[in-house]
Amino acid sequence: MESDATTAGRDDALDRATHYSPFLRETAAAYPHLIELFRKNGAETAVAAALAAGGESAGAELRRRRLGLALAVSLGDLGGELSLERVTALLSNFADQAIARAIDVAFEELMPGEPQRGFAVIALGKLGSNELNFSSDVDLLLLFDPQTLPRRQRDEPGEAAVRIGRRVVELLQKRTADGYVARVDLRLRPSPEATPIVLSVNAAIAYYESAALGWERAAFVRARACAGDLAIADGFLEAIEPFVWRRAIDFGAFDEIRSIGQKVRDHYASRQSFGPGYDLKRGRGGIRETEFFAQARQLVHGGRDPRLRPAATFDAIAALERAGHMEPDLARDMAEAYRRLRTIEHRVQMVADQQTHLLPAGADEMTAVARLHGFSDGEELLDWLRPSVARVGEAFDELAGSGSQQLPSDPELLRSELAALGFADTEPAMRRIGEWRSGRARSLRSSAALEAFEAMLPALLGAIAGSADPGNALNRLSDIVERVPSGVNLYRLLQARPGLSTLLARTLAHAPALADQLARRPALIDSLLDASCFDPPPPAAEFARFLAEEMRGKPYDLAIDRARRIVNERRFALGVQLVDQRGDPLAVGQGYACVAEGALVALAAAAVAEFESAHGSFPGAELVILGLGRLGGGVLTHASDLDLIYLFTTPVADSSNGARPLGPSDYFNRLANRVTAALSVSTAAGPLYDVDTRLRPQGEQGMLAVSVDAFADYQRDEAWTWEHMALARARPVFGSEAARHSVAALIREILGQSKHSSGAAADAVKMRDEIARHKPASGPLDVKLGPGGLVDLEFAVHVLQLTHSTGLDPPLEAAVEQLASAGLIERNIVEAQKLLTRMLVVIRLLAPETATPNEDSRKLMAQLCGATGWDDLIGRHAQARHDVSQLWKKVRESA
């Protein structure tokens, strides 16, 4: 039994509907059984009955269902039983079903007995996002495949497709005694004034890939496969995805969307002001501006984050808020505004089933709409709607920013402005600005690029003036401006996100390596917009799985490039973490290693799969890769190469099982070369890692890849002491779990053999003296090669590991800790190792080619290494070097 309150609510909805909506009054009289069902059982029951209506033809049936659904949905809406989302979903689902039915009928009439294939419908606009309103038209894009579309023998495929399209449209929108099904709008197709109503799918793809306009990109944010041959529709949408969702963050989308919105405002100027006659859809602060506001952010960020691609406006706003691209208060206000605007739009359309979006201009008509909703009069409706309209209008006005005041052209005014920005010496900046404005730089030759550059320049120069080294930062910015092939997206990004200017200025001032990367690939800065870029990277195995998923389904070369771009973004972000003091250098070094290992695993797997496609595989045999040096130890610097040894497990067969079989040695050596190329050969995505394979058996004279058995024999019987020292930091990083465990056990067995008890120290001393002669320290801050540096520490640790079979753990930090716990070294070596490693990670990024960093970089280095200042860091550094020197001295004396 329904409660009295529920019944009263339904009676009130019926009373308002029949008093203030002529359309609903007439429809209620024509469908009394739906009224009775609504009163007794509610809106959902009435909806189900409306959708079950029959008719003597498909056209009659669909029209009766549409009218009944309009009545049931309206009553459920007015009575508060159906949410706005449920109302729009019911209307959209019916439209989908009606379009599919119309296609069925068209095929039955025009090509009886032929399968329904080769004809597809893409839903755009509110139907595409399942947000159809009460009296909306349906925006459709009709496509056909000439290879699969059935047709009469005398028809060309295009002619047959147009005949089907015309019949579908007629079935939907022709008015009869039962009304209509849906108004159809085909004007969103390319060049609608010149193109047929149904387009070849390949022609449509070619258009969107090469000639489409900015507004067309925005239209496809809400596109989906709707009806017909869904494989064609899905294939089309997949093909144009790069056009809609651009990988590089493009803040030009803000300008495009704002331009579209301004054109709408200008075209409907008489309906912009809020009040009677206001255009709920196209007016300032209206429905379209709410949608545009969300879509602009989706277009900017959705190429990099698929989670930001929901078609429905409420879902898009929620996704943007979750991802941090819309403030919570703003997201709440925009969602509430959209709900209120769409609700009143429905009330306006319910009055006479007209496709209107205007608040009535007359007082009586306004009162009728207000009372239909449940307000007492038009003023109450306007008061309820006004704050939301104002909030949306203000937000849309700010969409592309208020614009920066450009720097003056007059030299004296410019000099004064630069001084005001904070430049103590304005001449270098004056000279650079003159060069940029000369038009010689390729990145500034288009008017759009120059406009964006001038707009962002004051904020960026202000950040540079306040940076550690304005002169260096200006020079590196100039390098970027000169070398970037197209800078418009970078300049727009900096204009839209002034906070990035400060971060860029710090990077330019402190990190020449990162500045060089930016000059080669400006899109790297896009990665800094995602707050997660400052999180520690995931473990190597997890990152490898992520890369594999990103590469899945792509041709080999494109897959490798995709992985390289992601890896370089992660490495760049780790460098920026140091510059911006977001991470401990040890943690950043471990992050570098996780990224490198994950990249190696993913790229090696891709190389193996590609190689097997031509040469097959060796059943039971596989490639195993050892990581040595800093990769094996799990801490890399920005500039580290990858020390690798390629092994393979012993195959049973004499040759691989592919179309072009190879013998074992040839097979795995060529495969190892392929893996090395995937990691090291520079492509359009930029360089990745230098690979060093000289630690393999016999060094450069040996085979690139050797069998595990041959490796074991060599290490047991022929290897020099220094090779076993290198092996102390070896770790299997690629191969099956069983193979990696087996090789790791082999390494432990080799390192534990008794022959290390004598002669290891003497061999190490001889080798260290040889290194000192051929690779002397570059200066007092060479924490690697200088006396008491990391090489001395590593040699001392490896000798102790080999002679005592203790601390045989590849990470140097863990090995030192274990040796200290065993009483083989002093505890002060633990802290010395950490400090020297921190300094190495920092110096490789901040001062890779200088013996002494500049004053401001010194300050940053001291802070990153936990010192109170430069003098404190130098003191700690000296003490650490002294402690390591004392340890190495003891090892030398034991030789």
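This tour visits charged residues and cysteines in a predicted model.

Select Arg-222 and Glu-131 to begin. Their side chains form a salt bridge, with an N to O distance of 3.6 Å. Arg-222 sits in the loop between α10 (214-219) and β5 (224-228), and Glu-131 in the loop between α7 (125-128) and β2 (137-144), so the pair ties together parts that are 91 residues apart in sequence. Both Arg-222 and Glu-131 are buried.

Next, select Arg-630 and Glu-794, whose closest N and O atoms lie 3.4 Å apart in a salt bridge. This pair links distant parts of the chain, 164 residues apart: Arg-630 belongs to helix α29 (residues 629-633) and Glu-794 to helix α35. Both Arg-630 and Glu-794 are buried.

Move to Asp-580 and Arg-582, which meet through their side chains in a salt bridge of 2.8 Å, N to O. Arg-582 is partly exposed, because its relative accessibility is 46%. The count of salt bridges comes to 54.

Now select Asp-782, in the loop between α34 (760-774) and α35 (790-804). Is Asp-782 buried or exposed? Asp-782 is buried yet has no salt bridge; the nearest side chain of opposite charge, that of Arg-844, is 5.5 Å away. A polar atom of the Asp-782 side chain lies 3.0 Å from the backbone nitrogen of Ser-778. Leaving aside residues up to four places away in sequence, Asp-782 touches Ala-777 and Arg-881.

Cys-594 is partly exposed because its relative accessibility is 23%, whereas Cys-865, at 6%, counts as buried. The count of disulfides is zero.

Key:
Residues numbered from 1 in each chain as written. Predicted model: local features only at pLDDT ≥ 70, side-chain atom pairs only at ≥ 80, totals over all residues. Heavy atoms only, no water. Helix = DSSP H or I, 4+ residues; strand = E, 2+ residues; numbered from the N terminus. Buried < 20%, exposed > 50% of the residue type's maximum accessible area, 1.4 Å probe, protein only. Lys, Arg positive; Asp, Glu negative; His and termini not counted. Salt bridge = Lys/Arg side-chain N within 4 Å of Asp/Glu carboxyl O. Polar contact = N/O pair within 3.5 Å; in protein donor to acceptor, adjacent residues only side chain to side chain. Contact = heavy atoms within 4.5 Å. Disulfide = S-S within 2.5 Å.
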